Every structure is written in structure tokens, then in C-alpha cells.
Amino acid sequence: MKYAVQRLLQAVPVFFVTTFLIYAMVFALPGDPIVALAGDKPLPDEVLHTLRERYHLNDPLIVQYGIYMLNAVQGDLGETFTGQPVSELLQGRWAVTAQLAVTAWIFELVVGIGLGVIAGLRRGGIADTAVLAGTTFVIAVPVFVVGYTAQIMLGLNLALFPTAGVDEGWPVSYLLPGMVLGSFGLAYVARLTRTSLIENMRADYVRTARAKGLRRRRVIGRHALRNSLIPVVTFLGVDFGNLMAGAVVTEGIFNLPGIGQQVFQSIQLQEGPVVVGIVTVLVMIFILVNLLVDLLYGVLDPRIRRG
Amino acid sequence: MTRTRGSALLLATMLAVSACGGSPAPGAGGQQGAKEFSVGLTEPDHLTPGNTSSSYSITVLQALFDLPVFIDAKGQPQMRAAESVTSEDQKVWTIKLKPGQKFHNGEPVTAESFADAWNAAAYGPNAWTNNYYFENIEGYDKLNPETPEGSEEAPKPTTDKLSGLKVVDATTLEVTLTAPFSQFPITLAYTGFAPMPKAAFADLKAYDAKPIGNGPFALDGEWVHNQKIRVKKFDGYAGPRPAKSAAVNFKIYESRDTAYVDLRAGKVDLIQTIPPASTSEAKRLLGDRFVPTPSGTMDYLGFPVYDKRFQSADLRKAVSMAIDRQAIVDAVFNGAFKPMGSLVAPLVPGYRENACGEPCVFDKAKAKALFDKAGGFSGTMNLYFSNADPSYEQWMTAVANQLKDNLGIADIQFRKIPAADYLSTLRAHKQDGPYRNNWVMDYPSPQNYLQPMWGTGNRMGWESKEFNDLLDQANSAASMEASIPLYQKAEDLALSEMPMAPLWNWQDQAGYSDKISDVRIDAYSPNLDTITVK
């Protein structure tokens, strides 16, 4: 428990440093976001002035950041350049991205570990070779290629999944994008599980367990696999960051109105407050997920808990 | 024990996630309703007519609002909410409204509804995008006081009403302009001139998300940002274009490619922009349901006339002649765009095919001869464009190669500028080489091209008193017909000095499903009211 609180307290400086860095980066982008709003049309000076003042764009960076943080701790995340409250904007989008990430995660976890176990137990066999070849392919191909191909093949031509959008809700609308997003992580999970399992199957304690006359199922499930999952769990924690990066592309292809799309749009529009708001929450989630991963070690291997 | 805890955690996460996601609303797919169809859209910025110039917003607003005037497929202004728009001197205009029109909330549409909306748009502190459309109405400067030199803050206006707007009676609005302007009626077809009901002004912010209009369709439910906007037939509509379908679902897409895939999958019924890369496939798959529509948008190559290396009109013409427009259009735009020898788009009344003549026709030998006669070009030629679209870089590269091959300019560099910075760069005259210049038409009049792009304070730094005089004469001509020859003379003048060379005219490519018919998309409107559902 003390450990968990400690880890959470570490998040406070991380929170301020990250948000300030992000704010500074968006601030440093070239160009005038207000002028860009109007596209190829001119904006009258009066309108420019009013909008710049409304969004404190004339103030120095540190003042803008101060105003933003002061409002943020009071629960006001400000509004976008088109006047939509940021909190309202993000509300609906978190749900979409969370559903996408969870779908991808479950896919990685279940299919990835499953493939890894099959490959690991039949090392050198056809299944193993197929898993190795398949995962190499998935790792090598960029996510947008996998995405568009899956959309055309499985969504449009075979009509197994919806092509785009969230009309059908979770899980139907999220299956295909979730699989695309999870495919990269899946490949790693499968390989990690395989390697780790192969090593552990040769370990002394597995031989001991076998010698005791335990059934094969129990030896693999209870002893070998459990130990083999430690690196996999570590990977799944770190992979959360990858999922978010991949979500920008996947949400774009499958037209899911999630956080990834929003980050992309907001950076283009130089909407500092939106970007900072999203990234802050992302950082918090990332810290929490990794905390969970650390706690899970204890479950998988009690020695870690005691140490 | 441990195993249960693990799965309980996973289960809890799944439950939490599916709970906050919510279930899809019935009819969200747009296919369930019997007499409704769906239209692919990009997320609009605003839905207050005075505060948006984006084409996505306008697509929705054209369904929600009846403007005083509309433009027919031939580019001619026709009356819609107005009965007539007349003037004796082109300066004081009388707008007579058709009686009996209603807003979606039941309020009557009166002269005041227009005056209120226009005043709000023209009022500087509201900071609405269409503010500058009202600058030729008397009293505009009082609503937009100039910022004093050296001050960051603009003074607060002393009034929020345009003195040039006079409500004579419930159906008569008198507009006084600062100068005679023969094109005024045609400008009233622009979305910025829509009326707004009294109810809007109680909470302008709420109105922006839930506009109340006077058109054939009324908003149905909330604008679900980045997902959908639904409009349904307005039963109280008494205007000239009642809706043929029961409802339209606008489905919002992030990418055109995805929208196109959804059209093929039958998930969306109409999209207005098929990606150029899919042109040939779309033609094959859709047949008659593939609709190319000419657009009012033009690309130009501007020259920095204030830079002494570009002061010779012959040099500028030589550059124009050295560009093979057709070859670039074929290579970059799949042949969909139209090479231009005129400053205005083909759909604009008064357009003349190849008004430019020789200087806009590709001719390598003549270009080189003229280039040498003008003294050639020394040093680095910088080409400017923004990073807003990858095709800009493609055609600029083609232009650079042609200038290298045809004129022998050895040193050409690209200056690719962030989109957010591009217009301020042009405005501040920071470009020292030819640059991409683009114009999206607001209303089909030569004036809409010539005045903002070649008139006073233009981006090229080109100044011609004769040109400005011709525009003034045309603007105060007795009628729109009488103004056209004068605009043409101004166009000829601008072409003969070539401060900016026309390149090509854009074309949109729409496509629709076999579920709908009577699709009459033109350059001015998708005319959603005409569409029937099979």
C-alpha cells in the first residue's frame, strides 16, 4: 500500500513538468493559429485582436501556462478556438479510445499469449514456424498498411466487420480497428511468451514439478507459464504508450472519434490547451497502468512482492 | 485466489468501458429510416451562419436556411427568401421579403430577423468569421473601430447596429452601402447573409450548436461533435423548395478515403469529394452516380512584383508560358482540374475561355525568347507554398522542373511554409519568389475574384490606378449585365501585366448510392432538398 501511494506521489512533479513541456512545445510551433482558422480568406484586424485576446495569445508563454493551470485545477480546461469547451470535447472521446485500447489489449493478451504458448510448446514445428513468420510480417508492415488492407478486405469485400465509424457500438464497431491496433503488440507478446516459455520449460523447477508426477497441464499452466508472463506483463504496460500512438492512425482510418484523432487535429490547429489536457490525462493513465503492472508482478511471483 | 483477482480486474475494466461508451442510437446508421439518407461530411467549425466560411458548415446551413437569394446552376441569381432586391443608384438597396415565412421555432421571418443577424456578424467584438462581408454597408467602421497605432487592444465600439440597415416594415429592409455596388444582389446568396430569429440572441453559444433556421430542414437533436448532425423535414416550411425526403443524416468523417470506402460499402449515400486517387475506380463503380462538378476555386502563381527581379511583365509572362498546365493537371490531379487562361472560373458570368491569350499557352520556344528578351533571371528562384496538402508540393515540383528545362533557371529552391503561417507571410510580403495563391469563390461575380486578389493591398504588391478605376466603374454600373464588360476590361489589364498567372480551376467529384435519386449537385449547393429516397 505504501508502495502504491509513493508511486502516485511521484506523479505530481511528472504532471507539472510534462504539461509545461507540452505547452512550451505547442507554443513554439510556427504560425499564427488564429490566422490559420480562416483558411485562404482574410480576417479583419478587429476579429484577430478579439480572438487573440480571448485566448491570451498575446501573453508570454509562462503567463499563458499559469492562466491555463489556474483554471485547470478549478476544473475549467478552457475552450477550443471554435468555442467548444475542452472538457465536453474530451468526454465522449475518452470512451471511444478506451474501448478501442481495451479491445486491442484483450486481443493482444488472449491471442498473443495463446500463439506464444502454442509456438513455445512445439518449438521448431509447423505452428512455431508459422507464428514466427506471421509475427515478423506484422512487425515489419506499418500500421496504416495493415489498417487500410484490413478495412478493404475484411470490412468492404468480405463484409465481416463494419468498415468505419462507431454506429454499431462496442464491441462490433471496435473489433476490426482493435485487431489492427493490437496486431503490432500481439506479435511481440507472442514472441516474448514463446521465448520465455521455452526457457522456463528447461528450468530446474519445471523438471522438479514433472518429476513429482504433476500433470502436464498443471506444470505448464501453474509453473512454467506463470513465470513466463512476467516479461509479457511488463511489455503490456509499456505497450500502452504504443497503443496511444497507434490510435492516431487507427482512429483516422476507421473514423473513430477518439482521443488520437483529437490530438492530431489539435496539434495541427495549435490548440495548446487541448493538447495539454489530453497529454496530462495520458501521462496519468500511463503512470497508473505501470503501477498496476508493478503490482501484478507480486501476484505472478510472490518473491517480488516481499523484496 | 490470484487467478480470480486477475480476471475480476479485467472484467471490471470491460464493464466500465462498455458502460461509458453507451449504446448507439437507433437510426444512427442512416439506413434504417424509410425516407432518409446520409451525407458524408467533415466536422463543421460553427453552425452560426455569420460565423463560418467552411464548406462543410455551409453544406449543413444550406439545408437549414433560406437566404434572400440563391444562385441557380447557370450562375444566375434567383430570389428565394426575398421577393425582390432592387436599387435605383446601386447604393441604396431595397430588399422585399416574401410574406408568411417561419423559423423552425415558429417565429415569423421579418426584415428585423435579417438586420439582427447582419448586425451581429458585423459587430467586431463578436469576432465572427464573416465580419468582412459587411464592410461595404454604411456604419461598418463604427462597429469595427481601428486599433490605434502601438496599442494591442481595440477600442470598444460605441454602437452595435449598422447605420446602413433600416427596417422599413415587417417585410422591407433598406440597405445603404458606402459606395455603389452592382453585384450586391448576388452576394446575398452567401450563407453569411442568413436571418436569425430573436430566440438566437438569448444564448448565441447554444445557438451555434443548435441553430434555428428558416429552411426546408430543421435540426433534429444535438450536433454530436465528430459523429453526426441530423436534420429532418420542417413541416412549417412555406418557401419554394420543400424537402422531398423525411430526414438527412450528416455522418462526419475524418478522412475522405474512409468516407469513400463507406460509400462503396453502402454505409453513406452521398459524398461530395471523392479522393482524386480513386477517380477512375469511382467512375467505373458508380457510372452515372459519379458526378464531377466544376468549382469556383482557382489556383494561381503569384509574383512578388515589389521585388526588383520580378518587375518585368515580360519575365512574368515568360514564366507563365513555360508552364505546361495540362501536363501538370494530368499528372497531379488525374486530369480532373481544368487548365486556365482566365482569372475567373468558367462558371462565373463574364468568363471568357483563354482571355489571357498567348501568355497562358504553353510554348517552350516563345517562353525562352521572351525570357531572354526580359534579361533572364539570376540567382536563386524561391518557390513558396504551404504544407497544407501534399499535392501542393507535387505540382510545385513539376513547375520547378519545367522552369529549369524550359527557361534554363538552374537554381530553384522550395520554401515550404506551415499552413498556419502561409497567409501572414504573403500578407507581409515576405516572399521573394513565385508562390501558390488560391481563391475560393464566395459568389459568382468577376468582382469576387478581381477585387480581393488584384485590388488595393493585394499580395503581389501590384498597383494600378487604371485597374482600380475600372473596378469602381463596374461596381457602380447600372446593372449586373452592364458591369460585366467593365470587369472584363479590368481582367484584360491584370492579364497584360501578369502580376499573377492563372493555373487551373478545381473540380469536385461527388458520388452517390443507388438508394437515392434526383441528385442535383452544382457548384453552389448540393441541393439536398431535391433528393428523393427510393
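Reader: What makes residues 224-254 of chain A a "transmembrane region"?

Author: The label comes from an unreviewed UniProt entry, which places this feature at residues 12-31, 94-118, 130-154, 174-192, 224-254 and 274-300 of chain A. The annotation may be inferred rather than shown by experiment. The structure discussed here is a predicted model. In this model, residues 224-254 of chain A are 97% helix and 0% strand, with end C-alpha atoms 39 Å apart. Residues 274-300 of chain A are 100% helix and 0% strand, and their end C-alpha atoms also lie 39 Å apart.

Reader: How do you know what confidence the predictor has in chain B?

Author: On a scale from 0 to 100, chain B averages a pLDDT of 89, and 93% of its residues score at least 70. Residues 1-33 of chain B stay under 50, and the model has 36 contacts beyond four places in sequence for them. For the model, ipTM is 0.74 and pTM is 0.81.

Reader: Why are strand 4 and strand 5 of chain B called paired?

Author: Pairing requires at least two bridges. Five bridges join strand 4 (residues 82-87) of chain B to strand 5 of chain B, and the two run antiparallel; therefore they count as a pair. Within this pair, B:Thr86 has B:Thr94 as its bridge partner. The two strands form a hairpin with four residues between them, and B:Gln90 in the turn has a positive phi of about 65°.

Reader: How do you know which strand of chain B is joined to strand 5 by five bridges and spans residues 172-176?

Author: Strand 7 of chain B is joined to strand 5 by five bridges, in antiparallel orientation, against a requirement of at least two. B:Thr94 stands opposite B:Glu174, and B:Val92 has B:Thr176 as its bridge partner.

Reader: What makes strand 4 and strand 6 of chain B edge strands?

Author: The open sheet has four strands in the order 4-5-7-6, with antiparallel pairing. Strand 4 and strand 6 (165-169) of chain B each have a single partner strand, so one side of each lacks a neighbour in the sheet. From one strand to the next, the twist averages 20°. Helix 3 (residues 111-122) of chain B lies across strands 5, 6 and 7 of chain B, at about 170° to strand 6.

Reader: What makes the side chains of strand 5 of chain B alternate?

Author: B:Trp93, B:Ile95 and B:Leu97 point to one face and are buried, which requires under 20% relative accessible area.

Reader: Why is B:Lys156 called exposed?

Author: Its relative accessible area is 65%. The cut-off for the term is over 50%, so B:Lys156 qualifies. This residue sits in the loop between helix 4 (140-143) and strand 6 of chain B.

Reader: What makes the link between the side chains of B:Lys156 and B:Tyr123 a polar contact?

Author: The distance is 3.4 Å, and the limit is 3.5 Å. The C-alpha atoms of these two residues, 33 residues apart along the chain, are separated by 10 Å. Not counting residues up to four places away in sequence, B:Lys156 touches B:Tyr123 and B:Pro145.

Reader: Which residues of helix 7 of chain B are buried?

Author: In helix 7 (residues 256-264) of chain B, they are B:Thr258, B:Ala259, B:Tyr260, B:Val261, B:Asp262 and B:Leu263. Their packing partners include helix 8 (143-157) and helix 11 (216-253) of chain A. At the start of helix 7, a side-chain oxygen of B:Ser255 reaches to within 3.2 Å of the backbone nitrogen of B:Asp257. B:Gly266, with a positive phi near 75°, follows helix 7.

Terms used
Residues are numbered from 1 along each chain as its sequence is written. Chains are lettered from A and ligands numbered from 1 in the order in which they are written. This is a predicted model: local features need pLDDT of at least 70, side-chain atom pairs count only at pLDDT 80 or more; totals for chains, interfaces and linings use all residues. Side-chain values use heavy atoms; hydrogens and water are left out. Contact means heavy atoms within 4.5 Å. Buried means under 20% relative accessible area, exposed over 50%, partly exposed in between (1.4 Å probe, protein chains only). Axes are lines fitted to C-alpha atoms, for helices over the stretch in contact, and angles run from 0 to 180 degrees between N-to-C directions. A polar contact is a pair of N or O atoms within 3.5 Å; within protein, one must be able to donate a hydrogen and the other to accept it, and residues adjacent in sequence count only if both atoms are side-chain atoms.
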